[in-house]
Amino acid sequence: MAASFASLPTFSVLNSSRFPRRRIDFSCSKNPLQVRSCSGNTRENKQRGTFASLKECAISLALSVGLIASVPSIASPPNAYAVANPAIPDVSVLISGPPIKDPEALLRYALPIDNKAIREVQKPLEDITDSLKIAGVKALDSVERNVRQANRSLQQGKTMIVAGFAESKKDHGNEMIEKLEAGMQDMLKIVEDRKRDEVASKQKEILKYVGGIEEDMVDGFPYEVPEEYRNMPLLKGRASVDMKVKIKDNPNIEDCVFRIVLDGYNAPVTAGNFVDLVERHFYDGMEIQRSDGFVVQTGDPEGPAEGFIDPSTEKTRTIPLEIMVTGKKTPFYGSTLEELGLYKAQVMLPFNAFGTMAMAREEFENDSGSSQVFWLLKESELTPSNSNILDGRYAVFGYVTDNEDFLADLKVGDVIESIQVVSGLENLANPSYKIAG
């Protein structure tokens, strides 16, 4: 077994009065999420150490936790173990039940709002996805129940929903409500006509109206970024970018445009840094530098530097690790959730969706992110919601919402033709690209 152990950052898995704090070390050949260089001997020379595949790492971590720390295997009943060992942090409790995997749903729930009425409309509309798992037109009966439930919740909660709008966004919010009501009536007509193949596209449409309603409840940026980061490029809200990639090995598609929604509400520094680099055309013409079946990664510039060199300082611009946790008003900076002892904390932007976008960094330097980014090719067995080796250790700042499935077709050497901001640029504060001209 030792030969198959892969290399991960050194993780602390226990901290209790009954057991000494133990650290598990792995010696791997690759670390899929470390800042790295991928093509040519020059870039190979820039790598620090050797690392192994994350699949092996996850398996090794699970085995090591079970063998070294006496934590039960995945098949063990978690509640029985928690009762028997109450002094140990509930590692097993972190595996909770069914995770939200849809990127747009994750973005809706990540908005800084607290309006129960609109959430009660949102949930049954999202549940249409599960309804469609029923075979044939029988699924439409369940879809109809979902839509009628959502419509009842909308009518019953409309007063609370309208009261939740930011003053400057009320007109747009009311317009979204009208479109949502019309969309749900269209869906009922689709069900009545037994047109199952039209349900998914209509669901996507009406959920966009729900998302629009929820965004209209956000009144400005909800908190102050810590003073030490306040002058950095900050995305105070959301932005969308289109990344056009020339795919070489898929005969069915040559150029693919990935729509990415960046969330500055939960990661203003990380998302702001990326938008600033996009506006500098930093990524245009850059190759995909890693594609190993688990992540796709890019952002390592040509030359000895492993990140963005700010021409105004002639030094690498780095940003802090930035993690927002459910129930907190501001992100944590500079520390992983494990280092903070927050073993059961739920992150606002989890590694749940295929195409989750995050910032790469040096393995043992939390605040070393710069320009290298990666997209997760989701494998639920290794990355279940809030129980994986990624949440709380790497800064998620967005999700691919269109064409995410094609990320799996990207290969090392495929070229990013361009990344362009298509909305939300007005939310970028302190844009350094303007200073640089």
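Within what distance do the axes of helix H5 and helix H9 come, and at roughly what angle do they cross?

Mentor: Some conventions come first. This is a predicted model, in which local features need pLDDT of at least 70 and side-chain atom pairs count only at pLDDT 80 or more, while totals for chains, interfaces and linings use all residues. Residues are numbered from 1 along each chain as its sequence is written, and side-chain values use heavy atoms, with hydrogens and water left out.

The axes of H5 (residues 116-126) and H9 (residues 199-215) come within 10 Å and cross at roughly 160°. Helices (H or I, at least four residues) and strands (E, at least two) are DSSP runs numbered from the N terminus. Axes are lines fitted to C-alpha atoms, for helices over the stretch in contact, with angles from 0 to 180 degrees between N-to-C directions. H5 and H9 are therefore roughly antiparallel to each other (under 35 degrees counts as roughly parallel, over 145 as roughly antiparallel, 65 to 115 as roughly perpendicular and the rest as oblique). Their crossing is left-handed, a term for a near helix turned anticlockwise from the far one by less than a right angle, clockwise being right-handed.

On the H5 side, the contact (heavy atoms within 4.5 Å) is made by Ile118, Arg119, Gln122, Leu125 and Glu126. H9 contributes Gln203, Ile206, Leu207, Val210, Ile213 and Glu214. These residues divide into 6 nonpolar, 2 polar and 3 charged; Ala, Val, Leu, Ile, Met, Phe, Trp, Tyr, Cys and Pro count as nonpolar, Asp, Glu, Lys and Arg as charged, and the others, Gly among them, as polar.

H9 also meets helix H8 (170-192). The axes of H8 and H9 come within 9 Å and cross at roughly 160°. That makes H8 roughly antiparallel to H9, and this crossing, too, is left-handed. Among the H8 residues in the contact are Gly173, Met176, Gly183, Met187 and Ile190, and the H9 residues include Val199, Gln203, Ile206, Tyr209 and Val210. By class, the contact of H8 with H9 has 11 nonpolar, 4 polar and 3 charged residues.

At 8% relative accessibility, Gln203 counts as buried (buried means under 20% relative accessible area, exposed over 50% and partly exposed in between, with a 1.4 Å probe and protein chains only). Leaving aside neighbours within four places in sequence, Gln203 is in contact with Leu125, Glu126, Ile128, Thr129 and Met187. Gln203 and Gly183 are 20 residues apart in sequence, and their C-alpha atoms are 8.6 Å apart in space.

The loop between H8 and H9 holds Arg194. This residue has a positive phi of about 60° although it is not a glycine. At 37% relative accessibility, Arg194 counts as partly exposed.

Buried residues make up 53% of the 437 residues in the chain. Of the contacts with a separation of 6 or more, 72% are between residues 24 or more positions apart.
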